[in-house]
Amino acid sequence: MSDVPAVGASGQTGTASALRRGGRLRTVAALLWPTLRATRISPLLAAGVVGVAIVTPPAVTGSLLSPDNHVTLLRLVVACVGLGVTFVLDDPAKPTTETLPVPAWFGALLRAVPAAVVGVACWAAALLVTRSGPATASLPYADLTREAAAVAAVAFLASTVGWRRSPRGIGSPLAAPMLLLAMTVVALLPTSAALLVGAGDGWDAAHDRWMWLLAGTLLATAGVLTARRRRGRDSRIGRRLRSQGRIVE
């Protein structure tokens, strides 16, 4: 007889846990479309259009450029797309969503999905336009794509830092200058650590460094997204929801 209450208590605990998980899943599902719809894609799309326009004249006019000139044009496309990425996490509604019962990083990663789709589409369009020009089949497109991925990751990291530090949720005024500063530093690196090299000697070593930069940036982004924010005075609603275990930070 003494075992019956214990079993009942265990069953009640399991049921309560299942209900909490079900509630969180319903909350996540309810947030999907509003978050995707609120993502600022237009600056990224505009930047991608400008990038494609940069590589279009040589292809249209049939101008014969050197491989290094084509690489430079594609790197300008990368810079444009990177600047567009810095606007992705801008969220004027952030002050009203502080007490949502989902992790803070969930919304950021959800916004990254449409941004990744648009960014990849813009980059693919730039590559297709470049390949349509004369004497472009042998360009190192795979290595340049690694560069694009690394720059996009740095831009998203800058956007994440700006978003976390901005009480109003508008991080691009900080993120865009951060990315431009990072690009300037990359352009000024000494030869032994250079990333922006031309085709020839040092190309493979430079792109090994690009991969290290990409990996390090992804780790740093994960750290920024999952770091607990220091809060001052919590709202009454926030305290009540946390006491009920309905907020996951």
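How do the residues of the lining of the largest cavity divide into nonpolar, polar and charged? I counted four nonpolar, three polar and no charged; Ala, Val, Leu, Ile, Met, Phe, Trp, Tyr, Cys and Pro count as nonpolar, Asp, Glu, Lys and Arg as charged, and the others, Gly among them, as polar.

A note on the source: this is a predicted model, where local features need pLDDT of at least 70 and side-chain atom pairs count only at pLDDT 80 or more, while totals for chains, interfaces and linings use all residues. Residues are numbered from 1 along each chain as its sequence is written, and side-chain values use heavy atoms, leaving out hydrogens and water.

**Cavity.** I searched the whole structure and found one cavity of 30 Å³ or more (a set of 1 Å grid points where a 1.4 Å probe fits but cannot get out). Its volume is about 40 Å³, counted as the space filled by probe spheres set on the points. V55, P58, A59, H70, L73, T130 and G133 line the cavity, each with an atom within 4 Å of a point. α2 (42–61) and α3 each give two or more residues to this lining, and α2 gives the most, with three.

**Helix α6.** Next I looked at α6, residues 172–187 (a DSSP run of H or I, at least four residues). I noted S172, A175, A176, L179 and V186 as buried, meaning under 20% relative accessible area with a 1.4 Å probe, protein chains only. The face turned away carries P173 and L181, which are exposed, or over 50%.

Methods
The expected span of a helix is 1.5 Å times one less than its number of residues. On a 1 Å grid over the protein atoms alone, a cavity is a set of points where a 1.4 Å probe fits but cannot get out, and a pocket is an open set with protein on both sides within 12 Å along at least five of seven lines; lining residues have an atom within 4 Å of a point.
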